[in-house]
Amino acid sequence: MPNAPLPTPAYTYPEFRALLSQLAAEHRTTGPDQTPGLVRYTDQNQAHLDQGSTLPLLPALLERLRQFPRPEQWLVLGEAWCGDTAHSLPILAHLAAQSQGRVSLHVVLRSDHPELMAAYQTNGKNSIPKLIRRDAETGADLGTWGPRPAAAQVLSQQLHGDASLHTNQVVKGMNEWYAADAGQSVQQELLANLG
């Protein structure tokens with residue numbers, strides 16, 4: 001399908017999963033920072049990716065994707081250690097897989113593509129995941145989404161703003177929100193953005 005050039009390297013969702021599994025087995029992660037915490041999150045994110053792949057998809061959103069007048073190329077800027085990526089990416093990948101050929105999805109690492117990330121910042125920050133929707137033939141931008149659902153963004157700001165919380169407590173709070181939401185907010189926001 002896509003004629004528009006992909007950034008390189010770019011990974012299909014199965015390729016990204018294989019990369020994450022390999023990195024976890026080697027006690028490594030993506031990007032230049034190979035801290036024990038990021039390596040641990042990379043390993044933990046495999047479970048989030050597995051859970052996200054089983055969440056129910058919104059029928060209205062699937063119908064909308066399948067009716068796209070032109071095929072789309074979805075680029076998702078992410079990293080193996082990023083919890084928000086691990087919760088949202090499998091939903092995006094599942095939607096693309098169920099779009100009856102209307103959407104192709106590729107993951108591009110923020111650390112591999114600083115210029116691309118700089119062009120799609122959120123409030124001046126390199127926040128991920130970031131979905132970039134493009135016309136598959138021309139490469140023209142069609143819209144973006146990310147880095148997380150609005151309600152999760154509010155919670156993230158609250159948790160990060162509490163100096164008494166350790167990073168692990170922030171991560172736990174975000175993971176609990178994503179588990180309770182079951183992928184619904186991501187899909188509702190996408191559906192609203194696709195109009």
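Let's start with the sheet. Four strands make up an open sheet, ordered S2-S1-S3-S4, with mixed pairing. Strands here are DSSP E runs of at least two residues, helices are H or I runs of at least four, and both are numbered from the N terminus. Two strands count as paired if DSSP finds at least two bridges between them.

Now the edges. Strand S2 (103-109) and strand S4 (141-145) each have a single partner strand, so one side of each has no neighbour in the sheet. From one strand to the next, the twist averages 20°.

A word on the model. This is a predicted model, where local features need pLDDT of at least 70, side-chain atom pairs count only at pLDDT 80 or more, and totals for chains, interfaces and linings use all residues. Residues are numbered from 1 along each chain as its sequence is written, and side-chain values use heavy atoms, with hydrogens and water left out.

Back to S4. Its partner S3 covers residues 130-135, and the two pair in the antiparallel sense over four bridges.

Next, a helix pair. Two packed helices are described by the angle between their axes and the distance between the axes. Helix H3 (residues 59-66) packs with helix H8 (residues 184-194) at about 40°, and their axes are 10 Å apart. Axes are lines fitted to C-alpha atoms, for helices over the stretch in contact; angles run from 0 to 180 degrees between N-to-C directions. H3 and H8 are therefore oblique to each other. For the cut-offs: under 35 degrees is roughly parallel, over 145 roughly antiparallel, 65 to 115 roughly perpendicular, and the rest oblique.

What meets what between H3 and H8? From H3 come Ala60, Leu61, Arg64 and Leu65; from H8 come Gln187, Leu190, Leu191 and Leu194. Contact means heavy atoms within 4.5 Å. By class, the residues of the H3 contact with H8 are six nonpolar, one polar and one charged.

Last, two single residues. Thr8 sits in the segment before helix H1 (13-25). Is Thr8 buried or exposed? Thr8 is exposed, at 67% relative accessible area. Buried means under 20%, exposed over 50%, partly exposed in between, with a 1.4 Å probe and protein chains only. Thr8 and Asp112 are 104 residues apart along the chain, yet their C-alpha atoms are separated by 8.4 Å.

His166 lies in the loop between helix H6 (150-161) and helix H7 (167-181). His166 is partly exposed, at 47%.

Technical notes. Ala, Val, Leu, Ile, Met, Phe, Trp, Tyr, Cys and Pro count as nonpolar, Asp, Glu, Lys and Arg as charged, and the others, Gly among them, as polar.
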